[in-house]
Amino acid sequence: MTDTAAEARSVLQRLGVAPAAYKDGALEVRSPIDGAVIGRVAMQGPAEVSDALARAEAAFQSWRSVPAPQRGELVRRLGEELRRHKADLGRLVSLEAGKIVQEGLGEVQEMIDICDFAVGLSRQLYGLTIATERPGHRMMETWHPMGPVAVITAFNFPVAVWSWNTMLALVCGDTVVWKPSEKTPLTALACQAIFDRTAADMGLTPGLASLVIGGSDAGMALVDDPRAAIVSATGSTRMGRAVAPRVAARFGRSILELGGNNGMIIAPSADLTLAERGITFSAVGTCGQRCTTLRRIIVHADVYDRLVPRLAQIYGRLPIGNPLDDGTLIGPLIDRAAFDGMQAALAQAKAEGGTVHGGGRALADRFPDAFYVAPALVEMPAQSAIVRHETFAPIVYVLRYSDLDEAIAMHNAVPQGLASAIFTNDLREAERFMSAAGSDCGIVNVNIGPSGAEIGGAFGGEKETGGGRESGSDAWKGYMRRATNTINYSTALPLAQGIRFDI
Ligand code: UN1
């Protein structure tokens with residue numbers, strides 16, 4: 001059996017984190033693998049937030065004027081460091097967040113990918129030139145850095161989401177103050193150590209990116225501080241509801257990536273073998289704790305009786321276990337609260353007429369202080385209250401439909417709007433689902449599941465998901481401010497709209 005505490009110590013050492021940072025702080029960090037304490041980290045509060053923002057603001061004064069391609073050089077080197085440390089950082093993600101090794105490594109790969117993306121972007125921060133109505137004039141847009149970005153992240157992607165934000169922010173000329181989840185401070189310390197070493201090697205000004213480990217008082221201090229030009233927050237809709245109005249009240253900018261309730265329509269023409277794989281990875285990957293996790297399957301009546309029993313069979317034989325072991329596909333839930341939340345949701349689903357397959361506690365003898373579960377497949381008679389609610393656990397609700405319009409309406413009739421998918425071989429159905437009258441989500445896939453998005457596309461969603469976009473496409477614009485410039489190179493001063501104003 002793995003000694004998670006010893007492993008965490010040696011990985012942290014290889015990643016260059018000073019032992020003082022995780023030896024005797026007040027915050028006990030437990031590995032979800034076995035519940036063992038793997039670190040003790042100091043808790044910081046509003047005073048440290050204020051100091052970090054002061055440093056970020058000071059660093060911003062010079063960083064904003066460094067040419068963007070040179071800023072990209074920092075990100076290029078960070079990408080190289082991450083390549084070098086991929087195995088260790090991926091393992092630390094497994095130890096601290098409980099992901100299987102493949103997914104821990106995948107998360108670090110996602111960091112490397114956003115570095116590559118951001119390096120390219122550092123030479124592509126372009127604005128438009130616009131035709132003006134005035135002779136001898138030119139109109140254009142220039143994009144400028146915004147200031148310090150407060151990055152608030154969740155336990156489930158403890159390193160990738162920081163890098164989505166930080167790498168873009170850095171090439172955009174912004175600086176960063178990061179508050180990670182209190183459940184995953186060790187991976188945050190490791191990222192910060194990598195960052196600090198790289199920035200120091202390059203002789204860069206301190207304070208470009210810093211870390212504050214703390215609770216909601218630290219988070220709210222970031223949210224309320226006008227020096228944080230942008231607040232990029234990832235987490236529950238409840239958290240977003242607390243954050244968004246406070247940032248808005250001071251006219252700050254927010255980028256919100258909140259809850260999902262991701263659905264998939266299985267049409268009569270669907271390739272069911274492909275669908276089974278798509279469903280299983282999306283529904284049970286990361287033990288159902290991704291914001292993109294598949295939570296609802298809307299299955300056509302003609303294929304329901306072929307697909308659902310097969311899924312129940314697959315679910316029954318998925319390897320649940322220590323995420324560090326080869327072959328494990330389902331690791332633990334993050335903690336007891338997640339387990340209790342899952343059981344409460346299953347009880348409610350039963351009360352609402354559902355038939356539950358699986359969903360019980362697993363491996364309690366071997367790991368009495370950890371929370372492993374069998375993934376749950378829940379057949380529901382209708383899209384009742386519990387189905388419309390996001391439970392962060394491996395529960396997938398199965399619903400039946402007979403008409404595509406009805407399926408799309410059902411698909412959209414939830415408060416969240418992150419990711420969605422349709423499995424169909426019918427071109428008309430696929431295009432319908434992607435059209436203006438189709439899925440209302442930010443991510444709309446055909447013949448692949450809703451989770452596991454790659455860097456390159458904009459990531460985020462609508463409604464209670466918060467509306468933010470991160471990572472790919474033109475998400476960089478969220479980290480910059482736009483100036484519209486009108487330049488007069490004539491000897492006259494014509495006014496727009498033909499206004500005459502002679503003095
Ligand atoms: C999250 O769960 O917060 O698309 C992010 C995915 C991953 C990112 C998930 N690339 O599932």
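The shell around the ligand has four nonpolar, five polar and two charged residues. Here Ala, Val, Leu, Ile, Met, Phe, Trp, Tyr, Cys and Pro count as nonpolar, Asp, Glu, Lys and Arg as charged, and the others, Gly among them, as polar. The structure is a predicted model, in which local features need pLDDT of at least 70 and side-chain atom pairs count only at pLDDT 80 or more, while totals for chains, interfaces and linings use all residues. Residues are numbered from 1 along each chain as its sequence is written.

**Ligand and domains**

The residues around the ligand are E110, N156, F157, V161, T234, R290, C291, T292, S451, G452 and A453. The protein chain is assigned domain 1 (4–258 + 466–484) and domain 2 (262–455), with bounds from an automatic or database domain assignment. The ligand lies between domain 1 and domain 2, because both give residues to the shell around it.

The C-alpha centres of domain 1 and domain 2 are 30 Å apart. To their contact, domain 1 brings 21 residues and domain 2 brings 20 residues; two residues are in contact if their C-beta atoms, placed from the backbone, lie within 7 Å. On the side of domain 1 that touches domain 2, α4 (86–97) and α5 (101–121) are the elements that give two or more residues. Of these, α5 gives the most, with six residues. The residues of this side of domain 1 divide into eight nonpolar, six polar and seven charged. Helices (H or I, at least four residues) and strands (E, at least two) are DSSP runs, numbered from the N terminus.

**Sheets**

Two open sheets are set out below; two strands pair if DSSP finds at least two bridges between them.

| β7-β6-β5-β8-β9 | parallel | β7 (209–211) and β9 (253–257) |

The twist averages 15 degrees from one strand to the next, with axes fitted as lines to C-alpha atoms and angles running from 0 to 180 degrees between N-to-C directions. Strand β6 (residues 175–179) is joined to β7 by three bridges, and V177 stands opposite S210 in β7.

The bridge partner of P145 in β23 is M480.

**Annotation**

An unreviewed UniProt entry carries the annotation "domain: Aldehyde dehydrogenase" over residues 25–482. UniProt positions are given in the numbering used here, feature names are shortened, and annotations may be inferred rather than shown by experiment. Over residues 25–482 the chain is 40% helix and 21% strand, and the end C-alpha atoms are 43 Å apart.

Note on methods
Near = placed C-beta within 6 Å.
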